[in-house]
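Here are a few notes to read alongside the model.

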Amino acid sequence: MNRYIALLRGINISGKNKISMPELKKDLADLDFADIKTYLNSGNVIFSSDTHDSELLAHKIRMLIKEKFELDIPVYIILQDELEERLSNAPGWWGDDNKEIYDNLIFMMPPLTYDEFYSKIGDPKEEYEKVHNYKDIIFWSFSRADYRKTNWWSKTASSVVSDLITIRTANTLKKIVSM
């Protein structure tokens with residue numbers, strides 16, 4: 001049985017796109033997902049499945065959410081082992097204990113590529129933000145005090161690629177990869 005992590009984009013934020021995590025867990029169990037856990041209320045679901053097709057799993061979850069909660073939510077699925085491998089390839093400046101720095105991981109949903117993402121978002125402002133691309137993710141860090149000065153902050157939320165990405169903090173990812 002494979003262990004997966006599903007990242008649901010843009011749910012339970014500021015009262016929008018509300019999804020009850022206990023209800024979602026029950027509904028996923030009805031779809032034969034096993035050992036289901038959620039972390040926080042922001043769409044982090046860890047589960048096991050015999051299915052070896054991440055796209056099929058993402059489709060099942062999207063359809064369930066559409067039917068049950070009447071929401072069209074992008075879903076990113078990754079094997080837990082693959083996420084662990086990606087995190088082990090983080091640059092040295094990402095994910096440390098510096099509370100002044102905000103460390104994020106941007107997940108690009110297929111078919112989005114880094115080159116397409118970058119062409120839409122543009123260059124990061126080197127004096128305010130650091131980025132490192134690895135496979136289908138981007139390590140992204142910036143000073144909490146200067147986030148409004150970054151180039152990527154507003155563009156990740158409002159650009160043409162915003163529906164093709166989902167973002168999590170280093171702390172959240174470190175927690176869910178171990179669940």
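1. A word on terms to begin with: helices (H or I, at least four residues) and strands (E, at least two) are DSSP runs, numbered from the N terminus. This is a predicted model, in which local features need pLDDT of at least 70 and side-chain atom pairs count only at pLDDT 80 or more, while totals for chains, interfaces and linings use all residues. Residues are numbered from 1 along each chain as its sequence is written, and side-chain values use heavy atoms, with hydrogens and water left out.

2. Which element gives the most to the lining of the largest pocket? That is E8, with five residues. A pocket here is an open set of points on a 1 Å grid over the protein atoms alone, where a 1.4 Å probe fits, with protein on both sides within 12 Å along at least five of seven lines; lining residues have an atom within 4 Å of a point. Strand E8 (165–169) is joined by strand E5 (101–108) and helix H5 (152–158), each supplying at least two lining residues. In total 21 residues line this pocket, and Arg9, Gly10, Ile13, Ala157 and Ile167 lie nearest its centre.

3. The volume of the largest pocket is about 610 Å³, a volume being the space filled by probe spheres set on the points, which are joined across faces, edges and corners.

4. The second largest pocket holds about 360 Å³ of space. Of its 18 lining residues, Glu55, Ala58, Val75, Ile77 and Pro110 are the closest to its centre. Helix H2 (54–69), strand E4 (75–79) and helix H3 (80–87) give two or more residues each, and E4 gives the most, with five.

5. Please look at Phe33, in the loop between helix H1 (21–30) and strand E2 (34–39). Beyond its neighbours within four places in sequence, Phe33 is in contact (heavy atoms within 4.5 Å) with residues including Phe47, Ser48 and Leu57. Phe33 and Ser48 are 15 residues apart in sequence, yet 5.9 Å apart in space, C-alpha to C-alpha.

6. Some backbone details deserve a check. Most residues other than glycine have a negative phi, and most peptide bonds are trans. Leu40 has a positive phi, near 60 degrees, and Lys135 has one of about 55 degrees. Pro110 and Pro111 are joined by a cis peptide bond, with omega about 10 degrees.
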